[in-house]
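The following briefing is arranged by topic for reading alongside the sequence and the model.

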Amino acid sequence: MESNTLFQYSVVSALMDGVASNGLPLQTLSQHGNHGLGTFRRMAGEMIIIDGQIYSMKADGSVTLISSTEQTETVTPYAMVTRFSPTITKKVKLGGKDELKDFLTNLIPRTSNNYLAFRVDGVFKSVTVRAAGPQKEKGEGLVAVCARQTVFELEPEEGGGIGGTIIGFRSPAFLQGVSVAGDHLHFITDDRKRGGHMLGFETEGEVEVQVAGMWRVELELPKDDEEFENAKLVGDNEGIKAVEG
Ligand SMILES: [Zn+2]
């Protein structure tokens, strides 16, 4: 697949409706890119794909690499991935998600109705992440699953700071429900031992921000999937904002 084409499996409204029993094998997903995020069967934890490596970050705080053999039997009910080739790289000190949002908007003009892929590498002063799942029962929706999420304030390492990487996507407002409108950030530490869906952060000094616009999108929908077939998929803007924003 060409660089900076977005590949997405299923839609976030399906997770809202609890469609998470089946999905796309990670082996297939990883053929579409090396930079991504998503979740696993029964919404069991947060997924991050960094430099082609897929990690699962769970509510018990564990972070595990999914080996290539495990990728054949592990599936995702929702994921976004791209072969990331940044077109702009810049250093900046950031006070949080809002500052990152404004920085990206200024960095890459004429993309207000487009997807972006971005990555932030460096040392952070504070990082707050969450991990959620799995579903208590089949069909449990994302809002209920996230009501049991665990929030982690990552402790600085010896010597100070938290070294790590944000992998993120910006999705256009008009595609809320298909994707998560706005910025969606997952984080993992340099030692790959801690991480999750990012709720907040502050950088220590300057960090490296890399971004690319994405104008081509490939969307694969669940096939022969009874849960997906019966889902209402009405869209729940407030619900998605509350749990994924
Ligand atoms: Zn997330």
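Leu 219 counts as partly exposed because its relative accessibility is 40%; buried means under 20% relative accessible area, exposed over 50%, and partly exposed in between, with a 1.4 Å probe and protein chains only. This is a predicted model, in which local features need pLDDT of at least 70 and side-chain atom pairs count only at pLDDT 80 or more, while totals for chains, interfaces and linings use all residues. Residues are numbered from 1 along each chain as its sequence is written, and side-chain values use heavy atoms, with hydrogens and water left out.

**Surface patch**

- Leu 219 belongs to strand E16, residues 216–220; strands (E, at least two residues) and helices (H or I, at least four) are DSSP runs numbered from the N terminus.
- Together with Val 217 and Leu 221, Leu 219 forms a nonpolar surface patch with about 240 Å² of accessible area.
- Patches are made of residues with over 30% relative accessible area and no salt bridge, where nonpolar side chains (Val, Leu, Ile, Met, Phe, Trp, Tyr) are joined within 5 Å and like charges within 9 Å.
- Accessible areas come from the Shrake-Rupley method with a 1.4 Å probe, and for residues only the protein chains shown count as cover.

**Zinc site**

- Three histidines coordinate the zinc ion at 2.1 Å: His 184 through NE2, His 186 through NE2 and His 197 through ND1.
- Donors are N, O and S atoms within 2.8 Å of the metal (3.2 Å for Na, K and Ca); water is not among the atoms, so sites may look incomplete.
- The spacing of the donor residues in sequence is H-x1-H-x10-H.
- His 184 and His 186 are buried.

**Aromatic cluster**

- Two aromatic pairs are present in the structure; rings of Phe, Tyr and Trp (its six-membered ring) pair if their centres lie within 6.5 Å, and planes under 30 degrees apart count as stacked, over 60 as edge-to-face and the rest as tilted.
- Phe 124 and Phe 187 are both buried.
- Phe 124 also pairs edge-to-face with Phe 201, at 5.8 Å centre to centre and 80 degrees between the planes.
- Phe 201 lies in strand E14 (residues 195–203), 77 residues from Phe 124.
- Phe 201 counts as buried because its relative accessibility is 5%, and Phe 124 because its value is 0%.
- Phe 124, Phe 187 and Phe 201 make up one aromatic cluster.

**Salt bridges**

- Nine salt bridges are found in the whole structure, each a side-chain nitrogen of Lys or Arg within 4 Å of a carboxyl oxygen of Asp or Glu.
- Arg 130 forms one with Glu 46, the closest N and O atoms being 2.9 Å apart.
- Arg 130 lies in strand E10 and Glu 46 in strand E4 (residues 46–50), so this pair ties together parts 84 residues apart in sequence.
- Arg 130 also bridges to Glu 244, with 3.2 Å between the closest N and O atoms.
- Glu 244 lies in helix H7 (residues 237–244), so its pairing with Arg 130 ties together parts 114 residues apart in sequence.
- Arg 130 and Glu 46 are buried, as is Glu 244.
- Asp 183 and Arg 170 form a salt bridge at 2.6 Å, N to O, and both residues are buried.
- Shared partners join Glu 46, Arg 130 and Glu 244 into one salt-bridge network.
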